[in-house]
Amino acid sequence: MNTREILQTIDMIKNQCLDIRTITMGISLRDCATGDAVSTRQRIKEKICRKAENLVAVGEQIESEFGIPIVNKRISVSPISIIAESCGVTDYAPFAVTLDEAAKEVGVDFIGGFSALVQKGMTDGDRNFLLSIPEALDRTQLVCSSVNVATTRAGINMDAVALMGRMVKETAQRTADRDGIGAAKLVVFANAVEDNPFMAGAFHGMGEGECVVSVGVSGPGVVSAAISDMKGEPFDKIAETIKKTAFNITRMGELVAREASRRLGVEFGIVDLSLAPTPAQGDSVAHILEAMGLERTGTHGTTAALALLNDAVKKGGIMASSHVGGLSGAFIPVSEDAGMIDAARAGALHLDKLEAMTCVCSVGLDMIALPGDTPAETISAIIADEMAIGMVNCKTTAVRVIPVPGKTVGDEVSFGGLLGTAPIMAYNTCSSADFVARGGRIPAPVHAQRN
């Protein structure tokens, strides 16, 4: 980095909400499976505490020495459904409790990997695991859960989709005293990636190494500031500006990731350049879209603006690092984005428009609060629609919705911290029950056959 880049980065950090959103250590638990539940949990906790004992301290050292805010320190582990299945248990919740205990012991903010991969079918162990999710998220504070139910190659496992609608609903109900926050830690994926450092979808993929460190960088405020004075400029100039900005942001992430890798003595994984917003003013993806000329996010033109943003971010990031990975693009979580919250309150942003936007963004329907009486079958149908978008478009999509107990359209719910505040959004009340009840598998699209 030259002097100009350093000064520019300092200004981004000081005035434009640039930060390292997370340093995430991925830990393989494959060698922890013993066939016995008690000894497997003991080995899981011991390995996490041993590998991650210095993670928080190193993050704080880098933050202090480099002057770069590091918001979260996190851990992801191998999918627990795979690691624990040999134990022959029907209740996987105690494994979640073990993850929670380990996360608290090392002092991280979240731990991901209470996960299952069921895109083509479910073993008996997988089914028992899915049924354990509501209790697991009720009994823990720091554990996040994810389930991959579809891929472009395999199609959509509609049996798993139907079951996950019920699990989302039950998880929210079990945490009703906390406004259903358990569902905010549960995400359903199509084409889940194995090196995602962001929660709630992070898990350490089975193709990953023993232990890696990855970094998630976030800078919506920086991008918004970069294009705020470009009124009347054509879109190709806006795209070029975003691309150059993303390049600078990624360089900072690469620096932090490699330094963390060196100090921790573990492999450098990836830099995930994702414009992950927060409820803070000046840190909104929606405001970037509005800076392009939209009166409100959600109006006509929003999807096109988001497509430009997502593509330019990826192009700039790829030029800055040889190890860009994860999701890398623009996130549109409603409750975590001040501009999205305002647009939803104003009636400019609806569930159907959000679904259209997920065709071109990096994730999907994220942190959307629904009425507490939303039927489980409707949640399953929402998941199915989003999985179809991911499957057909060969991209990662996801659903993280919270049917908030006791709330209805027009109410709001506050989850606190980075999870923010969400207006309760309306859904189509026509029934999807018979559709969801069919089960089976929606076949993969013809373009999946590439061999």
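Reader: What covers the buried residues of helix 3?

Author: The cover includes strand 1 (19-27), strand 2 (70-77), helix 5 (93-106) and helix 9 (235-264), where contact means heavy atoms within 4.5 Å. The model is predicted, so that local features need pLDDT of at least 70 and side-chain atom pairs count only at pLDDT 80 or more, while totals for chains, interfaces and linings use all residues. Residues are numbered from 1 along each chain as its sequence is written, and side-chain values use heavy atoms, leaving out hydrogens and water.

Reader: Which residues of helix 3 are called buried, and why are they placed on the same side?

Author: Leu-55, Val-56, Val-58, Gly-59 and Ile-62 are buried, that is, under 20% relative accessible area, with exposed over 50% and partly exposed in between (1.4 Å probe, protein chains only). Because their arc around the axis is only 165 degrees, they lie on the same side of helix 3; the arc is taken from the directions from the helix axis to the C-beta atoms. On the other side, Ser-64 and Glu-65 are exposed.

Reader: What makes strand 6 mostly covered?

Author: Five of the five residues of strand 6 (186-190) are buried. One side holds Leu-186, Val-188 and Ala-190, and the other Val-187 and Phe-189. Strands are DSSP runs (E, at least two residues), as helices are (H or I, at least four), numbered from the N terminus.

Reader: In what sense do strand 4 (143-151) and strand 6 pair?

Author: They pair in the parallel sense over five bridges, and pairing requires that DSSP find at least two. Phe-189 is the bridge partner of Asn-148.
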